[in-house]
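Work through the exercises below with the structure open. Try each task before reading its solution.

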Amino acid sequence: MNIIQILFWFLSVLAIFSALMVITSKNPIYSVLWLIATFFAISGHYIMLNAQFLAIVNIIVYAGAIMVLFLFVIMLMNLNKETEPQKSRWLKIAGALAGGCLLLVLVAALKNSVTKEQFATVNEGSIGLIKNLGKELFTTYVVPFEISSVLFLSAMVGAVVIGKKE
Amino acid sequence: MPIFSYIVLSIALFSIGIVGVLTRRNAIIIFMSIELMLNAVNLMLVAFSKMHQNAAILAGDVSGTAGMDGQLFVFFIMVVAAAEVSVGLAIIVMMYRNIHSVDVNFLNRLKH
Amino acid sequence: MNNVLQIVCLIPLLPLLGFLVNGLGRNYLSKTLIGWIGSGTILGSFILSVWVFMQVKEGNTHVAEYFNFIAVDKLVIPFALRIDQLTSLFLLIITGVGFLIHVYSVSYMHEEKPGHFGRYFSYLNLFVFSMLLLVMGDNFVIMFIGWEGVGLCSYLLIGYWFKKQEYNKAANKAFIMNRVGDLAFLIALFWIIAKIGSVSFADVFAAENLAKLTQTDITVITLLLFVGATGKSAQIPLYTWLPDAMAGPTPVSALIHAATMVTAGIYMIARSHVLYNMAPLTMNVVTYTGLATALLAATIALKQNDIKKVLAYSTVSQLGFMFLALGTGAYVAAVFHVMTHAFFKALLFLGSGSVIHAMGGEQDIRNMGGLRKKLGITFWTFVIGCVAIAGIPPFSGFFSKDAILLSAFEKSPLLYGVALFTALLTAFYMFRLLFITFTGKFRGTEEQAHHLHESPLTMTLPLIILAILSIVGGWVGVPELISEGGDKLSAFLAPAVASVPQEHPVSHSEEYFLMGLSTGLVLLAILAAWLMFRNYQRKEASGLGKLLENKWYVDELYEAMIVQPLHKLGGIFKSIVDPKLVDGLVNGVGRAVNYGSRQLRLLQSGQVGSYVLLMVLSIVLIFTIQFFLRK
């Protein structure tokens, strides 16, 4: 068991455990914090997969900006363990079963796929570097990139209009 | 690592996100579960991107850009997710302002 | 003989053309023009028929095929016309008598409005077309088309004065009763197709095809065809429509309900004589049905007071005679009687039309009397018609009726006895009609007496021609006994249809005796009628007379046995089956859907969570099906 495998299992267990904690925590604040932990674990995976730029962006955008936004909203509404609405036990079991079924079905379906034997390992590949990604982004994907800026603008306008007190 | 490990990991995270959507009533937690599902998909895309790059290197293409599309997709998903979160949170705030709750069970207007 | 093909098809096409022109142009053409077109087309057909008759007389018979009417797999039904002896004889009767009646109609219907006048003539032409198709068709299907066509025209013409509700009812009655027979005809047709696979006469009557049929097949087919004939030719039990059919204009009664359409059944049986010869059971049924009808109708005619009703029952009775002849295998005698009957019955009907015309629409003979002085031509032609139908030599009715009586005698003396009795009744009621109408004192109103007048030439001319035909028409069938080679009709028809020779032919002396007996008795019957009715006084009927006056209550019997139960059944359907079963079913479906959607609506909780749950379960299901169940 080499260092890569140790890292993989560690990060995987961390991601799954913190994801489970996200959906099981009674207090929304804890959920947010566990979600940040999940994102860090996923970013670790990104680094292992030579996607350095995405790993950084994931931490900055998700763990930094988006999760802070979540925290702000939760604190703004003063949500805590006491105000947390709970579903009935049967609905929870039904939901868990449905999700478990989906997991089983998907894994069973992909178990025999042809790509199963392929590998994704740490290597000297450099496509994850910002230099290479940027070059591709501003040449081949320049139109979607520009459109995404329009999307941001409209999202900003939308958020302001919705959030505005009339 | 075998690609199947990443597949299973992604599916597990995705399923956990679904279970979160199904079992919680707090709109913000549901929203976070959706983010979790998005990240599961992102992880999958990056893993496949790496897989294709490996295959290209093994075939002799050292300096090629094979598999880069996957990472760019992830980038765009993040962009869209950021926009979506800003709007979604704005909606949740408005909902809280109107009904003083974030319980989705109150949002049953579809019935009428 | 290519031109024969073209000329032959003109015979039915001319009346069809007349029908189209008169029917479509009835509001634009003048009445004179309509009359000319209506009569002219029939005259054209008549001339062509005479030409065809000449051809056939020389021995030229044809089957003219035009196109495939129906072609399904092995079943091919060509649209083919057949010209042979039997057909050409019927062609002459139909177009000849038809032409005279058309001419007569021009005057008789002159008071109608132009639109209705055109309608009348278009129906009449359509009728002639259908009738020609019926007798010219080379297979049962073409015959059936004509068969249905004449039924339709009969319906249309009976209900010609459609504003009178009772006339419409009479038309419905005729049509529905004909339908009963037509259904039997149709089943026979299908039976023939199923067993033989062809409907053309040549194929059906071919020996090797007849060998395919079992005795049961033949009996059933012939019986079904006979049921069809009873509908069209007004025999027991489907005869009651014919007297009611007198609601139509009198020329229509003369053409359709006396001379031509009602003889379609006789034509059909004569045409299928090959089949009937093989079915002794059916032959017996035909014989006794014909005899019973003849007797029943004759007794009813004794007491009728409507001039046209008497003639109608007389027609039914004479048709019964024809079926009697058919049943005994004397096909030629039947066809002969069809011909002579067409002459004298058309004459009598047209004469009655002339009387009705003079009386201003009055049909009750109790209100007539003494018309002899004012309607000379009508009277004398009527006398000739009565003498002809009564069967006094040398008038035409004598020869044909004698042939029928002879065939009955050859079969069994008992048949002969009943038939002779019926013939006496015929003579008696016809002369009763004659004396009540034309002798004694006038019993109508002053206005009618003032109005009395002889009919115009266009009406009397057909009467005179028909009277001459009624006298000489029988001379083509003089028995061999009287003159050697006198029976030209048998000789002419021999290639197409021949009578079955009887097992016990009568001797010459017997035949003379029978002729003398029937003639003497008929003269006695006429004398009795003269004594009883020459000075007719109105009086109430009682006892048997009342029974006869009410037609043995057959209509009432049918009403009680068939119509009322059907009405009751309809009532049951209306009050129970329809509201409970049909409505229940329809409303039940609605209610079930309503209830189901009410339950399904609970799924639409509006809870996003439940929707998502369902969505996930559906995804699981789809994946399961996609990856594991669909191999």
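The exercises that follow take a few parts of the structure in turn. This is a predicted model, in which local features need pLDDT of at least 70, side-chain atom pairs count only at pLDDT 80 or more, and totals for chains, interfaces and linings use all residues. Residues are numbered from 1 along each chain as its sequence is written, while chains are lettered from A and ligands numbered from 1 in the order in which they are written.

**Exercise 1. Describe the make-up of chain B.**

Step 1. Count the elements: chain B has 3 helices and 0 strands. Helices (H or I, at least four residues) and strands (E, at least two) are DSSP runs, numbered from the N terminus. The pattern along the sequence is α-α-α.

Step 2. Look at burial. A residue is buried if 20 or more other C-beta atoms lie within 10 Å of its own, exposed if 12 or fewer, and partly exposed in between, with C-beta atoms placed from the backbone. In chain B, 56% of the 112 residues are buried.

**Exercise 2. Contrast helix α1 of chain B with helix α6 of chain A in length and cover.**

Step 1. The expected span of a helix is 1.5 Å times one less than its number of residues. Helix α1(B), residues 3-23, has 21 residues and reaches 30 Å between its end C-alpha atoms, close to the 30 Å expected. Helix α6(A), residues 142-163, has 22 residues; its ends are 31 Å apart, which agrees with the 32 Å it should span.

Step 2. In α1(B), 18 of the 21 residues are buried, so this helix is largely enclosed by the rest of the structure. By contrast, α6(A) is hardly covered, with 1 buried residue among its 22.

**Exercise 3. Find how α2 and α3 of chain B are arranged.**

Step 1. The axes of α2(B) and α3(B) come within 10 Å and cross at roughly 175 degrees. Axes are lines fitted to C-alpha atoms, for helices over the stretch in contact, and angles run from 0 to 180 degrees between N-to-C directions.

Step 2. The two helices are therefore roughly antiparallel, a term for angles over 145 degrees.

Step 3. Residues are in contact if their C-beta atoms, placed from the backbone, lie within 7 Å. Among those making the contact are Phe31(B) and Leu38(B) of α2(B), and Phe73(B) and Ile77(B) of α3(B).

**Exercise 4. Which elements of chain B touch chain A?**

Step 1. In total, 63 residues of chain B are in contact with 72 residues of chain A.

Step 2. The elements giving two or more residues to this side of chain B are α1, α2 (27-58) and α3 (68-99). The most come from α3(B), with 21 residues.

**Exercise 5. Describe the pairing of strands β1 and β2 of chain C.**

Step 1. Strands pair if DSSP finds at least two bridges between them. Here 9 bridges join β1(C) to β2(C), residues 75-83, and the strands run antiparallel. Val63(C) stands opposite Arg82(C) in β2(C).

Step 2. The hairpin has 2 residues between its strands, and Asp73(C) takes a positive phi near 50 degrees.

Step 3. Of the 11 residues of β1(C), 1 is buried, so this strand lies largely in the open.

**Exercise 6. Is His453(C) buried or exposed?**

Step 1. Locate His453(C): the loop between α20 (446-451) and α21 (457-472) of chain C holds this residue.

Step 2. With 10 other C-beta atoms within 10 Å, His453(C) is exposed.

Step 3. Not counting residues up to four places away in sequence, His453(C) touches Ala358(C) and Lys374(C).

Conventions. Contact = placed C-beta atoms within 7 Å. Parallel < 35°, antiparallel > 145°, perpendicular 65-115°, else oblique.
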